[in-house]
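Let's take a friendly walk through this protein, with an eye on its pocket, its aromatic rings and a few side-chain contacts.

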Amino acid sequence: MKFQPDTLDGVNVITRLEPGRLWVASTPFTHSVLVPWVGAVLDWAALSFDDLAPVHFENIAALKPEVVIFGSGPRIRFASPGLMRSLIDQRIGVETMDTGAACRTYNVLVSEGRSVVAALLL
């Protein structure tokens, strides 16, 4: 599915998602990523939902977003609160959805000027 967002200078925008691949601007990624509202897109060592550990969410908390959009893969799966403790302790909101919905929601939030991170499992 291809996304057609408005141009947002200096902000990361997810422009396309296919099975096993997504694009941030014109750069393709074939692995799980953290997409902060600004700055570099980061590799996310979480290879699959079943591989998630607290350290994966600690990496997100270090980015200091106000909200995290967690894309759990092709279907929605909720991570346990114990995994997300670092986000909960810092009062960082987390919304969970399938990765396609997460990409769309992330783009809406960055277009509103929100400090958001998309944590996306491919």
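The model is predicted, so local features need pLDDT of at least 70 and side-chain atom pairs count only at pLDDT 80 or more, while totals for chains, interfaces and linings use all residues. Residues are numbered from 1 along each chain as its sequence is written, and side-chain values use heavy atoms, with hydrogens and water left out.

**The pocket.** The largest pocket has a volume of about 150 Å³. Its lining includes L17, E18, G73, D98 and L122. Five of the lining residues are nonpolar, four are polar and two are charged (Gly counts as polar and Pro as nonpolar). Both β1 (14-18) and α3 (99-111) supply at least two lining residues each; helices (H or I, at least four residues) and strands (E, at least two) are DSSP runs, numbered from the N terminus. A pocket here is an open set of points on a 1 Å grid where a 1.4 Å probe fits, with protein on both sides within 12 Å along at least five of seven lines, and lining residues have an atom within 4 Å of a point.

**The rings.** Four aromatic pairs are present (ring centres within 6.5 Å; planes under 30 degrees apart are stacked, over 60 edge-to-face, the rest tilted). In the pair F57 and F70, the centres are 5.8 Å apart and the planes stand at 70 degrees, so the pair is edge-to-face. This pair links distant parts of the chain, with F57 in helix α1 (residues 54-61) and F70 in strand β6 (residues 67-71), 13 residues apart. F57 is buried at 1% relative accessibility, and F70 is buried at 0%; buried means under 20% relative accessible area with a 1.4 Å probe, protein chains only. Together with W44 and F49, F57 and F70 form one aromatic cluster.

Elsewhere, the charged end of R16 sits over the ring of W23, 5.1 Å from its centre (for Arg, CZ within 6 Å of the ring centre and within 35 degrees of the ring normal).

**Two polar contacts.** Each row below is a polar contact, a pair of N or O atoms within 3.5 Å, one able to donate a hydrogen and the other to accept it.

| Side chain | Backbone oxygen | Distance |
|---|---|---|
| N12 | P36 | 2.6 Å |
| T99 | L121 | 2.8 Å |

N12 lies in the segment before β1 and is buried at 13% relative accessibility. T99 belongs to helix α3 and is buried at 4%. T99 and L121 are also among the residues that line the largest pocket.

Methods:
Points joined across faces, edges and corners; volume = space filled by probe spheres on them. Phe/Tyr/Trp six-rings, centres within 6.5 Å; stacked < 30°, edge-to-face > 60°. Buried < 20%, exposed > 50% of the residue type's maximum accessible area, 1.4 Å probe, protein only.
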